[in-house]
Amino acid sequence: MEMSIICSNLARGCEKQYMPRQAEDFRTLADFFRSKAEPAKEAGTDRLLALIEHDLTVGYPYGNAVAGEKPDRGALRCQVWSEKVTRMLLRLHLLRASKL
C-alpha cells in the first residue's frame, strides 16, 4: 500500500508541475500497487497507537538527527510537519477515547 500512496503523491506533484503524461504514469503505478496490496493482518486501534508511539519515540528523533547532520531545509520541514500531524492524530484518538 505504501508504494501506491507514494506514486499517488508523485502523480499530484507532476500535476502541479504541468507534467500530465508523467502524472498519468504515476496514477497507473498507484492503481497497480493498490490492486496488489493486502489488508493489514494486525489492524486495529491498539496496533495503530503502538506504531504512532514508535514513530514519536524512535522514528522522528532519528529522522531529525539525520536531517540535522547535513542541514536540509526540505527534509527538516517534512519532519516537522509529519511529526505535527502524527501528534494531532494521537491527541484526537486520546480525546475520542476519553469521551467514550
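This is a predicted model: local features need pLDDT of at least 70, side-chain atom pairs count only at pLDDT 80 or more; totals for chains, interfaces and linings use all residues.
Visitor: Let's start with helix α4. Why is glutamate 83 called buried?

Guide: Its relative accessibility is 17%. Buried means under 20%. So glutamate 83 counts as buried.

Visitor: Where is glutamate 83 found?

Guide: Glutamate 83 is found in helix α4, residues 73-99. The buried residues of α4 are Gln79, Glu83, Thr86 and Leu90.

Visitor: What is glutamate 83 in contact with, leaving aside its neighbours within four places in sequence?

Guide: Leu56, Tyr60 and Asn64. Contact means heavy atoms within 4.5 Å.

Visitor: Which helix do the buried residues of α4 pack against?

Guide: They pack against α3. The buried residues of α3, in turn, pack against α4.

Visitor: Which are the buried residues of α3?

Guide: Ile52, Leu56, Tyr60, Gly63 and Ala67.

Visitor: How do you know that the span of α4 agrees with what it should be?

Guide: Helix α4 has 27 residues. At 1.5 Å a residue, they should span 39 Å. The end C-alpha atoms are 39 Å apart, so the span agrees.

Visitor: And what makes the reach of α3 close to the expected value?

Guide: Helix α3 covers residues 45-69, which is 25 residues. From its first C-alpha to its last, α3 reaches 35 Å. The expected value is 36 Å.

Visitor: Where does α3 bend, and by how much?

Guide: At aspartate 55, by about 40 degrees. That is the angle between two axes: one fitted to the seven residues ending there, one to the seven starting there.

Visitor: Now the charges. What makes arginine 27 and glutamate 15 a salt bridge?

Guide: Their side chains meet at 2.5 Å, N to O. The cut-off is 4 Å, from a side-chain nitrogen of Lys or Arg to a carboxyl oxygen of Asp or Glu. The pair is within that cut-off, so it is a salt bridge.

Visitor: Which parts of the chain does this pair link?

Guide: Distant ones. Arginine 27 is in helix α2, residues 20-36. Glutamate 15 is in helix α1, residues 2-16.

Visitor: Why is arginine 27 called partly exposed?

Guide: Its relative accessible area is 31%. Buried is under 20% and exposed is over 50%, with partly exposed in between. So arginine 27 is partly exposed. Glutamate 15, at 42%, also counts as partly exposed.

Visitor: What other salt bridge does arginine 27 form, and at what distance?

Guide: One with glutamate 24, at 3.1 Å, N to O. Glutamate 24 and arginine 27 are 3 residues apart in helix α2, so about one helical turn separates them. An α-helix has 3.6 residues a turn, so residues three or four places apart point the same way.

Visitor: Which residues are linked in a network of salt bridges?

Guide: Glu15, Glu24 and Arg27. Glutamate 24 is partly exposed, with a relative accessible area of 41%.

Visitor: How many salt bridges does a search of the whole structure find?

Guide: It finds 4. One of them joins aspartate 31 and arginine 34.

Visitor: How do you know that aspartate 31 and arginine 34 form a salt bridge?

Guide: Their closest N and O atoms are 2.9 Å apart. The limit is 4 Å, so the pair counts. Both residues lie in helix α2, 3 residues apart, about one turn of the helix.

Visitor: Which residues is arginine 34 in contact with, leaving aside its neighbours within four places in sequence?

Guide: Met1 and Ser4. Isoleucine 5 is 29 residues apart from arginine 34 in sequence and 8.3 Å apart in space, C-alpha to C-alpha.

Visitor: Last, the rings. How many aromatic pairs does the structure hold?

Guide: It holds 1. Phenylalanine 32 and phenylalanine 33 form it.

Visitor: Why is that pair called edge-to-face?

Guide: The angle between the planes is 70 degrees. Over 60 counts as edge-to-face, so this pair does. The centres are 5.4 Å apart. That is within the 6.5 Å limit for a pair.

Visitor: What makes the charged end of lysine 84 sit over the ring of tryptophan 81?

Guide: One test is distance: the charged end is 4.5 Å from the ring centre, and the limit is 6 Å. The charge must also lie within 35 degrees of the ring normal.

Methods:
Residues are numbered from 1 along each chain as its sequence is written. Side-chain values use heavy atoms; hydrogens and water are left out. Helices (H or I, at least four residues) and strands (E, at least two) are DSSP runs, numbered from the N terminus. Buried means under 20% relative accessible area, exposed over 50%, partly exposed in between (1.4 Å probe, protein chains only). Rings of Phe, Tyr and Trp (its six-membered ring) pair if their centres lie within 6.5 Å; planes under 30 degrees apart count as stacked, over 60 as edge-to-face and the rest as tilted. The expected span of a helix is 1.5 Å times one less than its number of residues.
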